[in-house]
Amino acid sequence: MNQNSEKQNQYDIAYLRMAREWSKLSYCKRRQVGALIVKDKMIISDGYNGTPTGFENICEDDSGDTKWYVLHAEANAILKVASSTQSCNGATLYITMSPCQQCSKLIHQAGIKRLVYNVEYKDNSGIKFLKKAGVSITYIEDLEV
């Protein structure tokens, strides 16, 4: 590993740790996911999974299933950028869990060029789509505390 890729790996781990801390803000009981969008070495957005603004902070229904309107962490982070003066074009998304199909489309359309994640989602079709779209994917399995 050369010095640049070693340094990038250090940044990747640090940002993933921050995304994991951010995930702890989620009210979801089944799974807490956090995301950071980084561009030009600056965090331009963050997000975690949860209900839309104005809704009660309860993500699961009475049977324990996630309510259909719960927003995923990466969607929240991308939507935050959309309401700002920033742009995701060329940015890196750090997320604690690999994205689903729907969020993968948002990631691609937002212009994010690199994805770094820590936990595999049960369905990897989102990752396959992003690879096909030319997004660089980095999976960091063992994230030290």
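Predicted model: local features only at pLDDT ≥ 70, side-chain atom pairs only at ≥ 80, totals over all residues.
Visitor: At what relative accessibility does histidine 108 count as partly exposed?

Guide: Residues are numbered from 1 along each chain as its sequence is written, and side-chain values use heavy atoms, with hydrogens and water left out. Buried means under 20% relative accessible area and exposed over 50%, with partly exposed in between (1.4 Å probe, protein chains only). Histidine 108 therefore falls in the partly exposed class, its relative accessibility being 29%.

Visitor: Which residues are in contact with histidine 108, leaving aside its neighbours within four places in sequence?

Guide: Histidine 108 is found in helix H3, where helices (H or I, at least four residues) and strands (E, at least two) are DSSP runs, numbered from the N terminus. Its C-alpha atom is separated by 14 Å from that of serine 125, 17 residues apart along the chain. With contact taken as heavy atoms within 4.5 Å, and with neighbours within four places in sequence left aside, the partners of histidine 108 are Phe129, Leu130 and Ala133.

Visitor: What is the mean pLDDT in S1, where confidence is highest?

Guide: Across the protein the mean pLDDT is 94, and 98% of the residues reach 70 or more. Confidence is lowest in H1, at a mean of 93, and highest in S1, at 98.

Visitor: Which cysteine is joined to cysteine 28 by a disulfide?

Guide: A disulfide is a pair of cysteine sulfur atoms within 2.5 Å, and a search of the whole structure finds one. The pair links distant parts of the chain, 31 residues apart, with one cysteine in the loop between helix H1 (3–23) and strand S1 (34–39) and the other in the loop between strand S2 (42–48) and helix H2 (73–82). The torsion about the S-S bond is about -75 degrees, so the disulfide is left-handed. At an S to S distance of 2.3 Å, the partner of cysteine 28 is cysteine 59.

Visitor: How far is the sulfur of cysteine 103 from the closest cysteine sulfur?

Guide: Cysteine 103 counts as buried, at 4% relative accessibility. Its closest cysteine sulfur is in cysteine 100, which is too far for a bond, at 3.8 Å.

Visitor: Which residue in S4 stands opposite tyrosine 94?

Guide: Two strands pair if DSSP finds at least two bridges between them. S3 and S4 pair in the parallel sense over five bridges, whereas the four bridges between S1 and S3 join strands that run antiparallel. All of S3 (residues 92–97) is buried, six residues of six, so this strand is largely enclosed by the rest of the structure. In S4, the residue opposite tyrosine 94 is valine 116.

Visitor: Through which helix does the chain cross from S4 to S5?

Guide: Strand S4 (residues 114–119) and strand S5 (residues 136–139) run parallel and are joined by four bridges, with leucine 115 opposite isoleucine 137. The β-α-β crossover between S4 and S5 is right-handed, meaning that, with the strands pointing away from the viewer, the path from the first strand over the helix to the second runs clockwise. The helix through which the chain crosses, residues 125–132, is H4.

Visitor: At which residue does UniProt place the feature "active site"?

Guide: UniProt positions are given in the numbering used here, feature names are shortened, and annotations may be inferred rather than shown by experiment. The unreviewed entry places "domain: CMP/dCMP-type deaminase" at residues 10–129, a span that is 32% helix and 21% strand. The record places the feature "active site" (unreviewed entry) at Glu74.

Visitor: At what relative accessibility does glutamate 74 count as buried?

Guide: Glutamate 74 has its place in helix H2, and what covers the buried residues of H2 includes S1, S2, S3 and H3. Not counting residues up to four places away in sequence, glutamate 74 touches Ala35, Leu93, Ile95, Pro99, Cys100, Cys103 and Ile107. Glutamate 74 counts as buried, with a relative accessibility of 3%.

Conventions:
pLDDT = per-residue confidence, 0-100.
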